[in-house]
Amino acid sequence: DGEEVVQLYLSRVEAAADEPVCSLVGFRRVALPAGVSQTLTFSLAPELLATVGEDGRSAVMPGAYRLVVGGSSPGRTSVALGAAAPVEAGFAITAA
């Protein structure tokens, strides 16, 4: 038996240089008996997708996005240190 903190990270595939590589947009602590899996659902509010422009206004930018879910922050170092490989998915936002 054990606990895991499942973390959800968001990144823009073609992010500007001044944007973060990825942002933590959700997490949940789950307790599971050994050998049992569980499906989790995360909801993302639109403001979590927004970036702040040079004019100080926040907006959701069109383009490709990537979601990464796992027990640690995304990156090769976490996996090299023994963390399970994260699950990734992509989606796109088109201009209105």
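**Entry 1**

The model is predicted: local features need pLDDT of at least 70 and side-chain atom pairs count only at pLDDT 80 or more, while totals for chains, interfaces and linings use all residues. Residues are numbered from 1 along each chain as its sequence is written, and side-chain values use heavy atoms, with hydrogens and water left out.

I then asked which residue forms a salt bridge with Glu 88. The partner is Arg 66, with the closest N and O atoms 3.2 Å apart. Glu 88 lies in strand 6 and Arg 66 in strand 5, so the pair ties together parts that are 22 residues apart in sequence. Arg 66 is partly exposed, at 28% relative accessibility. I applied the definition of a salt bridge as a side-chain nitrogen of Lys or Arg within 4 Å of a carboxyl oxygen of Asp or Glu.

**Entry 2: The search for salt bridges**

I searched the whole structure and recorded two salt bridges. One of them joins Glu 3 to Arg 29, where the closest N and O atoms are 3.1 Å apart. Glu 3 belongs to strand 1 and Arg 29 to strand 2 (residues 23-32), so this pair ties together parts that are 26 residues apart in sequence. I noted that both Glu 3 and Arg 29 are exposed.

**Entry 3: Glu 4**

I next examined Glu 4, which is found in strand 1 (residues 2-12). Glu 4 is partly exposed, with 40% relative accessibility. Leaving aside residues up to four places away in sequence, I listed Arg 28, Arg 29, Val 30 and Gly 71 as residues that Glu 4 touches; contact means heavy atoms within 4.5 Å. I also recorded 8.1 Å between the C-alpha atoms of Glu 4 and Leu 32, which are 28 residues apart along the chain.

**Entry 4: Aromatic rings**

How many aromatic pairs does the structure hold? I found one. The ring centres of Tyr 65 and Phe 91 are 5.3 Å apart and the planes lie at 10°, so the pair is stacked. The pair links distant parts of the chain, with Tyr 65 in strand 5 (residues 63-70) and Phe 91 in strand 6 (residues 87-93), 26 residues apart. For the criterion I noted that rings of Phe, Tyr and Trp (its six-membered ring) pair if their centres lie within 6.5 Å, with planes under 30 degrees apart counted as stacked, over 60 as edge-to-face and the rest as tilted.

Tyr 65 is buried, at a relative accessible area of 2%, whereas Phe 91 is partly exposed, at 28%. I also looked at Phe 42 and found Arg 28 over the face of this ring, at 4.8 Å from the ring centre; the test requires NZ of Lys or CZ of Arg within 6 Å of the ring centre and within 35 degrees of the ring normal.

**Entry 5: The whole chain**

I counted one helix and six strands in the protein, in the order β-β-β-β-β-α-β along the sequence. Helices (H or I, at least four residues) and strands (E, at least two) are DSSP runs, numbered from the N terminus. The C-alpha trace spans about 50 × 25 × 20 Å along its principal axes. Of the 96 residues, 19% count as buried.

Definitions and conventions. Buried means under 20% relative accessible area, exposed over 50%, partly exposed in between (1.4 Å probe, protein chains only).
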